[in-house]
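Open your viewer and get ready to select residues.

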Amino acid sequence: ERKTVSEQKTGGNSMELRVLKYFLTVADEGNITRAADILHVTQPTLSRQLMELEDEMGTALLIRGKRSVTLTDEGFLFKQQAETIVELADKLEHTFTDQKDVICGTIRIGATEALGGRTLAAHMKEFREKYPDVQFDLYNGMADNIKEMIEHGLIDLGLVMEPIDTSKFEYVRLPRKETWGVLVRQDHELAAKETVTVEDIKQYPLIMPGRENAKNQILHWMQCEERHLNIPAYYNLLSNSALLVEAGMGCAVCLDGALSIHADPELCFRPISPTHITRSVILWKKNHLFSQAVSLFVQTIQEH
């Protein structure tokens, strides 16, 4: 039995409003290249989003020709319902925009030290300009603590680094990549290298992240057990470990993104080779009823 768009949204991975707008633009233009130009996305990105949409719906929505695309029967039905959903969403947004002077309250955010914090800060600035009566309450901490605070309703959203269990959360993965490496003093032997290997760093005292997921990931790269390493200390924020490195206690295994926030001329970062990267995500509790301010801020993040 064929499912409607709204029925599809209630089960499995819910489709994004952005993807519906992508589909409608392609349907109206009849050409993926022109639609990509209008939407300011690359053609491969747009094509991938459309294929993922068809996979999610379980049916073909478009007939792709050499120079144009047309709608299948299912595509026509989908287009009608998608237009309704987008129109309702636009009306909702306009309602809030027209009454932005009454949007107020506090948005509570927990964040780890990461390059993604710059993206989050930009979103906060843009949102505050649109809704000047809204305030933000920021909390810095480890990913596991932030997740726990979200689950208990102590904060609304969290910025954390992967790897992370997102089974209880909705989330948006931020585009900036961050690289794992070691933070050392300028006079340390490893400072003379452009990159370091896991074998290079095993012989030195290592100041390690205290977060279990991150620590296990690092041990997996090193192919060794925790007891085989000289670990003088664990840290939750890089600002703490940087002081220990500066004091000569060891080398800190960390991310370059966090280092860029705490630049220190006495210290230097050397990436691990082969490269190990991760990304930050902004997450919030699934099926949670938020205030108007928080709901609008989540919508802003999703749209970007």
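A search of the whole structure turns up 15 salt bridges. A salt bridge here is a side-chain nitrogen of Lys or Arg within 4 Å of a carboxyl oxygen of Asp or Glu. Side chains of opposite charge can pair when their charged atoms come close.

Before you click, note that this is a predicted model: local features need pLDDT of at least 70, side-chain atom pairs count only at pLDDT 80 or more, and totals for chains, interfaces and linings use all residues. Residues are numbered from 1 along each chain as its sequence is written, and side-chain values use heavy atoms, with hydrogens and water left out.

**Stop 1: within a helix**

Select Glu52 and Arg48. Their side chains form a salt bridge, at 3.9 Å from N to O. Both residues sit in helix α4 (residues 43-57). They are 4 residues apart, about one turn of the helix. Helices (H or I, at least four residues) and strands (E, at least two) are DSSP runs, numbered from the N terminus.

Are these two buried or exposed? Glu52 is partly exposed, with a relative accessible area of 42%. Arg48 is partly exposed too, at 41%. Buried means under 20% relative accessible area, exposed means over 50%, and partly exposed lies in between (1.4 Å probe, protein chains only).

**Stop 2: loop to helix**

Now select Lys168 and Glu151. Here the salt bridge spans 3.3 Å, N to O. Lys168 lies in the loop between β5 (157-161) and β6 (169-185), and Glu151 in helix α7 (residues 143-151), so the pair ties together parts that are 17 residues apart in sequence. Glu151 is partly exposed, with a relative accessible area of 30%.

**Stop 3**

Next, select Lys215 and Glu226. Their side chains meet in a salt bridge of 3.5 Å, N to O. Lys215 is in helix α9 (residues 212-222), while Glu226 is in the loop between α9 and β8 (233-235). The two are 11 residues apart. Lys215 counts as buried, at 9% relative accessibility. Glu226 counts as partly exposed, at 29%.

**Stop 4: a network**

Select Asp28, Lys79 and Glu83 together. Salt bridges link these residues in a network.

**Last stop: the whole protein**

Clear the selection and zoom out. The protein has 12 helices and 11 strands. How much of the protein is buried? Buried residues make up 43% of its 304 residues.
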